[in-house]
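Walk me through this structure, one region at a time.

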Amino acid sequence: MPNAAITGTGVFTPSEIITNAELVTAYNAYADLWNAEHADDIAAEKTAAKPHSSEDFIVAASGIERRYVIDKTGVLDPTRMYPHFRARSDDEPSLMAEIAQDAITKALAQAGITGTDVDLVICAASNIERAYPAVAVEIQQLIGAGGFAFDMNVACSSATFGIQLAADMIKAGSVRAAVVVNPEITSGHHEWRDRDCHFIFGDVCTATVLQPEDAASGAHFKVLSTRCATEFSNNIRNNAGFLRRTRDQMEDRRDMQFMQNGRRVFKEVLPMVSQHMADHMADEGLTADDLKRLWLHQANKTMNSYIGKKVMGRDPEPDEQPNILQDYANTSSAGSIIAFSKYSDDLVPGDKGIICSFGAGYSVGSVVVERA
Ligand code: COA
């Protein structure tokens, strides 16, 4: 069986940035408008006034300083509070396919191959732009790939789950070159009007090229082992779906956007991920001393510090566990791949590390790699 290798990665980063200061100004203006509209109910204690958000809280609670988004004007408009994307005809590339093509082009260039060499495209993301045809099939056509393509969604773990699928298919010999692409337009399903979470997300797209190791033409990472796990939880949930109309739920409802019980997520996901990584390492005969780097899911700085400490048995040095969330915020499944893409070139042959993502489901996926 051929070994699978990661031969290229690419990142599409939107050009627009929202700083915490801009975000908080917009949120507070929205809250003031809402409070004025509901002044009578607030005075009669029928509803509570919306308190202001604060930059200090955001940085202290999450480590996030700014985020990239595809459209900031809609998000920062206190009378709107979500992005404004122009409508596209069915003959134009969809938005997810367009940003996927950008990230894939960079990843293919690094791998030294072209779209025609690709025979599997997996579009793995926490929300897919439409029900069908699969966005992955559209991407397959845009990059000139053959073979087959499909969409999949395991929320924030979509990238590592996609890598496991692609690596397994390469090992089985059913595909020769695979692209796992994560177009995460989180701004579309985020609830920018909820103070508890309005700072969490940003937009991005990452792509990872996988090939049999003997086909790699340049520097690459061997995929030594992958492991995925899921356990049902309602603590991160989004109820938007195709049955919405049948349930007469077409109004502007809070539960049709991202919802989370942040404290419970924090408490329950940390032990799950730490144990998952410890078990994966033990089964591969790896100890902390064998690891040069951890590329973790980028949701919360304290969470990453906790997991890094559990895995390494000490506080990891900043270069052992690079964070990108201060600049990108949580980009769902793309976060660990941004970290890997930006902070892996300096590793030398024989260096090992783990890419790990986790989130809704609950779900956790880990990929042990070695620089070749
Ligand atoms: N500005 C100012 N104050 C705020 C605020 C904001 N934007 N949002 C909440 N607060 C207040 C709360 O009202 C609360 O006040 P109280 O103590 O008087 O009740 C206090 O800050 C603490 O709120 P809490 O929600 O408990 O904060 P937290 O420390 O748990 O941090 C998260 C919130 C979301 C950053 C944190 O729970 C987290 O990261 N969870 C995991 C998130 C995650 O990984 N999600 C995965 C998504 S895929």
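**A guided walk**

N182 sits in strand 6, which spans residues 178–184. Helices (H or I, at least four residues) and strands (E, at least two) are DSSP runs, numbered from the N terminus. The model is predicted: local features need pLDDT of at least 70, side-chain atom pairs count only at pLDDT 80 or more, and totals for chains, interfaces and linings use all residues. Residues are numbered from 1 along each chain as its sequence is written, and side-chain values use heavy atoms, with hydrogens and water left out.

Is N182 buried or exposed? N182 counts as buried because its relative accessibility is 0%. Buried means under 20% relative accessible area, exposed means over 50%, and partly exposed is in between (1.4 Å probe, protein chains only). Leaving aside neighbours within four places in sequence, N182 is in contact with A124, A159, V204, C205, T206, S333, A334 and I337. Contact here means heavy atoms within 4.5 Å.

Now go to helix 1, residues 20–37. Its 18 residues reach 25 Å from first C-alpha to last, close to the 26 Å expected at 1.5 Å a residue. The expected span is 1.5 Å times one less than the number of residues. The buried residues of helix 1 include L23, V24, Y27, Y30 and W34. What do the buried residues of helix 1 pack against? Their partners are strand 2 (16–19), helix 2 (39–43), helix 3, strand 3 (66–69) and helix 4 (72–76).

Next comes the ligand. Of the 19 residues around the ligand, S53, R195, Q260, R263 and N300 come nearest. A residue is near a molecule if one of its heavy atoms lies within 4 Å of it. Look at the polar contacts, pairs of N or O atoms within 3.5 Å; within protein, one must be able to donate a hydrogen and the other to accept it, and residues adjacent in sequence count only if both atoms are side-chain atoms. A ligand nitrogen is 3.2 Å from a polar backbone atom of S54. A ligand oxygen is 2.6 Å from a side-chain N or O atom of R195. A polar side-chain atom of N300 lies 2.7 Å from an oxygen atom of the ligand. Taken alone, the ligand exposes 980 Å², and the protein buries 71% of that. These areas come from the Shrake-Rupley method with a 1.4 Å probe; for residues, only the protein chains shown count as cover. Helix 3 (55–62) and helix 9 are the elements that give two or more residues to the shell around the ligand. Helix 9 gives the most, with four residues.

Helix 10 covers residues 301–312. The buried residues of helix 10 are M303, N304, I307, G308, V311 and M312. Seen down the axis of helix 10, they fall within an arc of 145°, so they line one face of the helix. The arc is that of the directions from the helix axis to the C-beta atoms. This face packs against helix 9 (262–283), strand 11 (291–296), helix 11 (325–328) and strand 12 (352–359). After helix 10 comes G313, whose phi is positive, near 75°.

Finish at D290, in the loop between helix 9 and strand 11. D290 is partly exposed, because its relative accessible area is 32%. Its side chain reaches the backbone nitrogen of T287 at 2.7 Å.
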